[in-house]
Amino acid sequence: MKYNHLLIVALFLMLMLDGCSDFLDEKLQSQLAPDNTFASSQGFESSSAGLYAIARSEYNTYGSSAFMHGYACPYESQQIATDLATMGTKDGSLQPFGYLTLTSNTGIVNSTWKWAFSLINAANEVLAYAEKNTNWDNDNDQALYQAEARFFRAYAYRTLVYLYGDVPYVDKISEKVRRDFTRTPKDEVLKHMVEDLQYACEHLPENPDNVKDGKLTKWAAEHLLSEVYLMQKNYDEAEKAALAVINSGYFKLMNDRFGVAKDQPGDVYSDLFKEYNQNRKGGNKETIWAMQFEFQTTGGGGEYDDWTRRAWEPKYFEIQGFTLADSLGGRGLSQLVPLEWWIGPNSNFFERSDIRNSEYNIKRHWYYNNTKMPNLYGKECPITDNTWHVTYRLYPALTKFFYGKANNLTYAGTNKDRVKFRLAETYLLLCEARLGKGDINGACDAINNVRKRAHASLITPSKMTMDLLLDERIRELVGEESRRFTLVRTGKLLERTRKYNTEAGPNMQDYHVLWPIPQSVIDANTEADFPQNPDY
């Protein structure tokens with residue numbers, strides 16, 4: 001699904017011409033004639049493309065995408081100050097999150113709020129005009145576009161409630177600027193999210209083989225619904241939603257080699273992360289929803305959309321004897337330096353048989369590759385305490401984020417399609433739901449589906465705990481999930497960060513579970529009380 005870039009930009013400008021003075025309000029601009037845009041199924045398809053584009057821009061840094069933060073580390077801000085990593089390259093935009101010195105004026109605190117309400121406002125406009133329009137190509141078009149819009153509204157609120165707690169619930173567009181918003185209790189927002197996702201489950205397409213790559217199906221809505229039920233601690237419904245995806249018959253954990261590199265050295269887990277292997281047409285039946293970023297394709301990702309590779313991969317090329325290589329992941333930035341407790345050579349975090357720890361998935365052996373230095377070329381460069389924790393130039397690296405272009409080795413982006421939901425996580429959501437219910441045997445059954453594929457030993461009931469599940473989510477989903485979201489949902493952010501993170505742990509206070517409300521939002525809301533989160 002590669003969108004027309006001009007349509008996306010036009011839609012986004014229509015939604016955002018009011019500027020940044022009020023992130024909550026959307027003032028309609030009659031001269032842009034939305035009544036003409038939202039007058040047919042074709043017009044709503046263009047608006048749908050805009051929703052996908054804004055959603056896809058959630059971690060965009062700079063450039064010309066539908067939304068940009070204007071800062072380097074929006075993705076990293078949701079991974080740092082957890083049990084995963086410390087900062088290597090201490091980018092100015094990341095330091096407030098790594099050192100836990102963020103304030104209500106911190107850039108990414110503001111831009112993340114703005115991204116979420118940009119998507120919410122866009123969804124609300126689609127919903128409002130879908131109610132008015134009577135010119136549809138097909139009988140189910142109205143419900144389809146409303147289902148997409150309601151999914152994306154819930155998706156945006158997911159970020160807001162995880163990061164900020166109580167936030168204004170806005171479900172209608174406004175023709176005038178409002179300055180009287182109040183903070184809706186999180187529990188109430190979650191109820192609205194459930195309603196939106198239930199509607200999406202009912203009206204989105206069922207068969208993923210009948211939609212374009214990247215388009216939503218009911219199963220993406222069911223997967224997200226399971227997570228939202230977990231946020232509510234409604235474990236029975238979370239279990240049902242996860243099982244609906246698992247038992248749909250459309251998805252399976254990939255157990256056999258597939259895709260573009262299936263005849264090359266590797267394993268099935270490494271296949272999941274090879275470029276072009278993220279969609280069903282590439283043979284991947286595990287992906288439930290993948291955002292589309294294909295390189296040099298109209299409507300695909302640009303250089304600034306996805307810097308996950310730059311975040312996780314070391315700056316090996318600054319060590320004498322190395323030169324940039326796409327086979328080594330390209331030009332990383334060492335922004336997220338993994339903690340030894342889970343990836344170190346003596347951690348025993350992975351079993352010997354676990355393919356997720358194979359050299360195809362975690363690069364632990366680095367060999368000098370600069371042919372101009374024959375005295376070093378081909379020899380192994382050892383990972384040391386200095387290269388890992390002092391210079392941040394070499395450490396075990398996650399190959400799932402390896403990405404480089406041989407014809408442009410300094411290229412900054414990562415134009416692999418970004419898998420947002422895949423079946424392995426659905427099983428782990430099922431495990432979490434069953435843990436919440438006290439069904440330990442059922443939790444073991446769920447997690448063991450994932451471990452079987454990884455060739456890891458099966459978990460027995462005596463070992464099944466929430467911490468074991470959170471460890472398993474690292475093994476399977478590190479870097480793919482927002483680790484902050486997972487730890488906040490499970491109530492483990494404070495405990496595990498303090499236990500494992502040598503950089504952020506000593507500074508972690510109870511109030512750091514939430515980010516502050518942007519000060520600009522509080523200042524603009526002059527006609528109603530809009531309190532700040534405690535201790536900010």
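1. Basis. Residues are numbered from 1 along each chain as its sequence is written, and side-chain values use heavy atoms, with hydrogens and water left out. Because the model is predicted, local features need pLDDT of at least 70 and side-chain atom pairs count only at pLDDT 80 or more, while totals for chains, interfaces and linings use all residues.

2. Aromatic pairs. There are 37 aromatic pairs in the structure. Rings of Phe, Tyr and Trp (its six-membered ring) pair if their centres lie within 6.5 Å; planes under 30 degrees apart count as stacked, over 60 as edge-to-face and the rest as tilted. Trp-113 and Tyr-164 form an edge-to-face pair, because their ring centres are 5.0 Å apart and their planes stand at 85°.

3. What this pair links. Trp-113 belongs to helix H5 (residues 107-132) and Tyr-164 to helix H6 (residues 141-164), so the pair links distant parts of the chain, 51 residues apart. Helices (H or I, at least four residues) and strands (E, at least two) are DSSP runs, numbered from the N terminus. Trp-113 has 0% relative accessibility and therefore counts as buried; Tyr-164 is also buried, at 0%. Buried means under 20% relative accessible area, exposed over 50%, and partly exposed in between (1.4 Å probe, protein chains only).

4. Phe-151 and Phe-152 are edge-to-face, with 5.5 Å from centre to centre and 85° between the planes. Phe-151 is buried at 0% relative accessibility, and Phe-152 is buried with a relative accessible area of 0%. Ring pairs join both into a cluster with Tyr-52, Trp-115, Tyr-155, Trp-289 and Phe-421.

5. Charges over rings. A charge sits over a ring if NZ of Lys or CZ of Arg is within 6 Å of the ring centre and within 35 degrees of the ring normal. Lys-132 lies over the face of Tyr-129, 4.6 Å from the ring centre. Arg-178 has its charged end over the ring of Phe-181, at 4.0 Å from the centre.

6. Met-68. Where does Met-68 lie? Met-68 is in the loop between helix H3 (41-56) and strand S1 (85-87). With a relative accessible area of 43%, Met-68 is partly exposed.

7. Helix H3. The 16 residues of H3 should span 22 Å at 1.5 Å a residue, and the end C-alpha atoms are 22 Å apart, which agrees. The expected span is 1.5 Å times one less than the number of residues. Of the 16 residues of H3, 14 are buried, so this helix is largely enclosed by the rest of the structure.
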